[in-house]
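Have the sequence and the structure open as you read.

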Amino acid sequence: MTIAPTSPIGGSRLLRKSGADGSRRLRHLVQAAVPLLLLLLWILLSVRMDLVPGVVQTMRALASSLRSGEISQDSWSTLSSVVAGFAIAVAVGVPLGFALGRSSYWLKVFEPIVAAGYAVPRILLYPIMLAIFGFGIESKVAIAFLSAVFPILVSTIAGARSVSLILVKLARSMGMSHLQRFAKVLLPAAIPAVAAGLRMGLGSSFITVVVAEMSGAPEGLGVVVKKDYGSQQLPEMFSVILLIVVIALAGNLLLGLVERRSRRHLS
Amino acid sequence: MADARTSAVRRVRPARHRPRARLPASITRLIVIFGLLGTWELLSRRGLIDPFTAPRPTKIFEELITISRGSEMYSHLYRTASTALISFVLAVALGIPIGVLLWRIRVLGDALEPYLLTLRAVPTVVFYPILLAILGLNVGPIIAVASVMAIVPVIIFTLVALRTVNPTLLKLAASFSMSPSQRWRIVIIPAATPLALPGVKQGMIYALLATVSMEFILADRGLGFRVALANSRFEVVTMYAYIFIVIVISVAAHSAISALERKVRRDLL
């Protein structure tokens, strides 16, 4: 088993600017069409099927649950456990990933273990976390951590290994200390890979926490979805699903901003 | 000043080149794994770990042997493996052509790429109640979620791999006046496959992950369902045994595709 990059490295390629003016206009047109098509699909489905709630109903349900604040405690529970677990995973995964990436021996020792942890569906460990940490928020933080740490490790290792040896040698010959080498050479060069890992880690911990909530946590957005489904309050249920998706997209956007910031700052 | 610099170099270099007597990595790995298992076993026997939190490894092992003699486990295993495999095959069979299409029609590729990248952040699993409504209460929703989660990395990596193909190679192919099928067979596929394969690998991981997660919350069969069932019945040892089986399967699937990846990369490069 080998560790491969989790994302096509060199994200800047993906953001390259397209040339001609006409093709750019066409591109924006296509981009604007996507949400409209999705909305159309939703309307079509809701008209054809009784079990799919309508757009207006759903928006009304969302507005009323946001206004009454009944959903805020569940949102807070989900969000705080994802953020806490993700933060711990970053604090553990990034330094550990760099350490393993720079030591060929210890990488050889731990690579199959890390790859195995990456491949295993971590949600199955939730019952164990429940047994260890109880029904409070701690077990959700733990499962969020476990979900995020492996993608972060895998990407960081790949990033640390991708740093050209010449750069490292150059830094050493300039008499840089370990800390300096890390801050000035390794970290900036590995940022695209690390950032890809962070994104995957955040997405993965969010999914796992929501699934954990659906499978029997006491509170959280996943619990609300399941409860609304059980009582067939479909507009309410769908509004919570939309809320979950919006939160996930916002988290992703935020990480993208942080990535761009840090890239500019460090290089 | 110069002195300080040379002394720094002298201090660093020997540390780097000092020969170290080390065990082979595989041995160290076994020591780490069995050391952890042994500590676990010992602490359990001393009564320091609650058996309802984590039963002894030897007990789990005994349970694994009992499970492997019965037929129940194999039906769950078959359900999970077939569901994940169908989703994975669907994701690859649709994802690669979509990636090619997005590469050929450049405007479409440029326009949809940001959506594809954000789609990876969407927890597709939460749509399961809607999918239940549309597809009914069977494996349909599981396959739908698993293949949607698996197809995204396949498309992204295919697209990026094709874009990375050296333009000189394409010009060369044109100057040899290759037919389209020759161009694909001789130039594009060999050049793009090594970069596209990690996406296929990730697709497989996601297919299995989504399948087991969905089984965990809603199915009536499958390994994920069996873990949830054992949990709700407080059959802790059985639960650990089934978790172990899932770990073995994921590692086996991951190793198989990594071996394929190595083979293909060696053949093509």
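## Around α5 of chain A

Within α5(A) itself, Tyr126(A), Pro127(A), Ile128(A), Met129(A) and Leu130(A) are buried, meaning under 20% relative accessible area with a 1.4 Å probe, protein chains only. Helices here are DSSP runs of H or I, at least four residues, and strands are runs of E, at least two, numbered from the N terminus.

## Ground rules

This is a predicted model: local features need pLDDT of at least 70 and side-chain atom pairs pLDDT 80 or more, while totals for chains, interfaces and linings use all residues. Residues count from 1 along each chain as written, chains are lettered from A and ligands numbered from 1 in written order, and side-chain values use heavy atoms, without hydrogens or water.

## Where the chains meet

On chain A, 62 residues are in contact (heavy atoms within 4.5 Å) with 69 residues of chain B. No salt bridges link the two chains, counting a Lys or Arg side-chain nitrogen within 4 Å of an Asp or Glu carboxyl oxygen.

## Chain B overall

Chain B has eleven helices and zero strands. Its radius of gyration (over C-alpha atoms) is 25 Å, well over the 18 Å that the globule rule (2.2 Å times the number of residues to the power 0.38) gives for 269 residues, so chain B is more spread out than a compact globule.

The C-alpha trace of chain B spans about 75 × 75 × 35 Å along its principal axes, and 43% of its 269 residues are buried.

Terms used
Buried means under 20% relative accessible area, exposed over 50%, partly exposed in between (1.4 Å probe, protein chains only).
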